[in-house]
Amino acid sequence: MLNAIWIGFLLVALAGGFWEATFGGRPAVLGEMTRASFEMAKTGFEISLGLTGVMTLWLGLLRIGEHAGLVSALTRLLAPLFARLMPEVPRGHPAQGAVTMNMAANVLGLDNAATPLGLQAMRELQSLNPQPQRASDAQILFLVINASSVTLFPLAVFTYRAQLGAADPTDVFLPILIATGCSTLAGLIACACWQRLALWQPVVLAYLGGIGLLLAALVAWVAGEPAGMAERSALLANGALLALIGAFVAAAAWRRLDAFSVFIEGAQEGFTTAVKIIPYLVAMLVAIGLLRASGVLGLVLDALRALVGGFGFDARWVDAVPVMLLKPLSGSGARGMMIETMQAHGVDSFAGRLACIVQGSTETTFYVLAVYFGSVGVRITRHALACALIADAAGFFAAVTVAYAFFG
């Protein structure tokens, strides 16, 4: 998928550029495209280089939290909920533990731990599947929740905003939390309707109601001062991040861990991960830079903006549409488009912030379904894609809505 997107961007950009130079009376566009390719390659490297320090720090800290037992604690907290959402999984079966461990890792932002745990969860769920080539209800629900991106701290988004000079990189924290919450809830409800799950069970209602009340309380506190909603969101994010660091370190001290050695172990992995990102980011940014410099991207967005404006609606959200379209298909493509949108419109512009909220609201749906189902040989995915796309659509709609509420 990523290969097709990248090649498509390059070919469309080159075709549009040569058309403009030959028939559009803009021979200078070829020089602009060449300069854009060099500038975006440099930008991709500089952003990745700056990301290295932050990735090193946070993967080191997250490794401390993992070794200190916080993931296991969160797993025990979530286990009663998933026992009722996946009734076909017997109590005490390894699948139950693998599913909750994966969700706990996702919530804490432990991406490197979440993926292998997710694959393990799929294998355990497959062992209970009476029709191995056909996705079970439990597998579908698990993947839809994964594809809706349940992440409490979108650290990568904060880092990119910091690299591009945001006044406060964390001011999109609460909008992202609301958007991803809406996405997850929509996916859960879609699966429940399809699978006839009883969401009105007391335990399920207690979990969902508790999460909803907490989110509502946070929104009410932030919205209590409309003029300073972004500042309050940033205050909440900064406080939560520092509290998380404190919890990791305190738990490590309580368990008498060699926290420094554990931190170094995770930090080394973070450094390696950040370095590996460089080629992917450079490749996507160059392709997107060529697409914008050729005029093709602007032409498409102008047409959509005119259409939206013709119906009497505010069209500022249109600038984030490329991120919305790419997010279900390619994480690298969406990340590159998010960065390019912040550069083109300003990191603290409405479009720049909305692109970040969209980036944090959902996951790469097609990639998640392909990798997870492919790992266990499932070919008939049933309603998995439909429910995941419903979650994506809800996340995108929520992202636009909260962006206007916080930054409009």
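Me: In this predicted model, what is the handedness of the crossing of H8 and H17?
Reply: Helix H8 spans residues 173-195 and packs against H17 with the two axes 7 Å apart. The crossing of H8 and H17 is right-handed.

Me: Are H8 and H17 roughly parallel or roughly antiparallel to each other?
Reply: The packing angle of H8 and H17 is about 150 degrees. Angles over 145 degrees count as roughly antiparallel. H8 and H17 are therefore roughly antiparallel.

Me: How many nonpolar residues does the contact of H8 with H17 have?
Reply: On the H8 side the contact includes Leu-174, Ile-178, Cys-191 and Trp-194, and these and others meet H17 residues including Cys-387, Ile-390, Val-402 and Phe-406. By class, three residues of this contact are polar and one is charged. The number of nonpolar residues in the contact of H8 with H17 is 19.

Me: How are H6 and H17 oriented, roughly parallel or roughly antiparallel?
Reply: Helix H6 (residues 137-147) and helix H17 (residues 384-407) have axes 9 Å apart and pack at about 25 degrees. An angle under 35 degrees counts as roughly parallel. H6 passes H17 in a right-handed crossing. By their angle, H6 and H17 are therefore roughly parallel.

Me: Which residues of H6 make the contact with H17?
Reply: H6 and H17 pack with their axes 9 Å apart. On the H17 side, the contact is made by Ala-384, Cys-387, Ala-388 and Asp-392. The residues of this contact divide into six nonpolar, no polar and one charged. From H6, the contact is made by Ile-140, Val-144 and Ala-147.

Me: Which orientation do H10 and H17 have relative to each other?
Reply: Helix H10 (residues 229-254) packs on H17 at about 110 degrees, with the axes 8 Å apart. The range from 65 to 115 degrees counts as roughly perpendicular. H10 and H17 are therefore roughly perpendicular.

Me: Which residues of H17 meet H10?
Reply: The H10 side of the contact consists of Met-229, Ala-230 and Ser-233. Five residues of the contact are nonpolar, one is polar and none is charged. The H17 residues that meet H10 are Ala-405, Phe-406 and Phe-407.

Me: How many disulfides does the structure hold?
Reply: A pair of cysteine sulfur atoms must lie within 2.5 Å to count as a disulfide. For Cys-182, the nearest cysteine sulfur is that of Cys-193, 16 Å away. For Cys-191, the nearest cysteine sulfur is that of Cys-387, 3.9 Å away. The number of disulfides in the structure is zero.

Me: Is Cys-191 buried or exposed?
Reply: Cys-182 counts as partly exposed, at 34% relative accessibility. For Cys-191 the relative accessible area is 0%, and a value under 20% counts as buried. Cys-191 is therefore buried.

Me: With which residues is Trp-58 in contact, leaving aside its neighbours within four places in sequence?
Reply: Trp-58 lies in helix H2 (residues 29-67) and is buried, with a relative accessible area of 11%. Beyond its sequence neighbours, Trp-58 is in contact with Leu-155, Leu-241, Leu-244 and Ile-245.

Me: Which residue with a positive phi follows H7?
Reply: Helix H7 spans residues 155-163, and its buried residues include Leu-155, Phe-158 and Tyr-160. The residue that follows H7 has a phi near 90 degrees. That residue is Gly-165.

Technical notes: Residues numbered from 1 in each chain as written. Predicted model: local features only at pLDDT ≥ 70, side-chain atom pairs only at ≥ 80, totals over all residues. Heavy atoms only, no water. Buried < 20%, exposed > 50% of the residue type's maximum accessible area, 1.4 Å probe, protein only. Helix = DSSP H or I, 4+ residues; strand = E, 2+ residues; numbered from the N terminus. Axes fitted to C-alpha atoms, helices over the stretch in contact; angles between N-to-C directions. Left-handed = near helix turned anticlockwise from the far one by under 90°. Contact = heavy atoms within 4.5 Å. Nonpolar A, V, L, I, M, F, W, Y, C, P; charged D, E, K, R; others polar.
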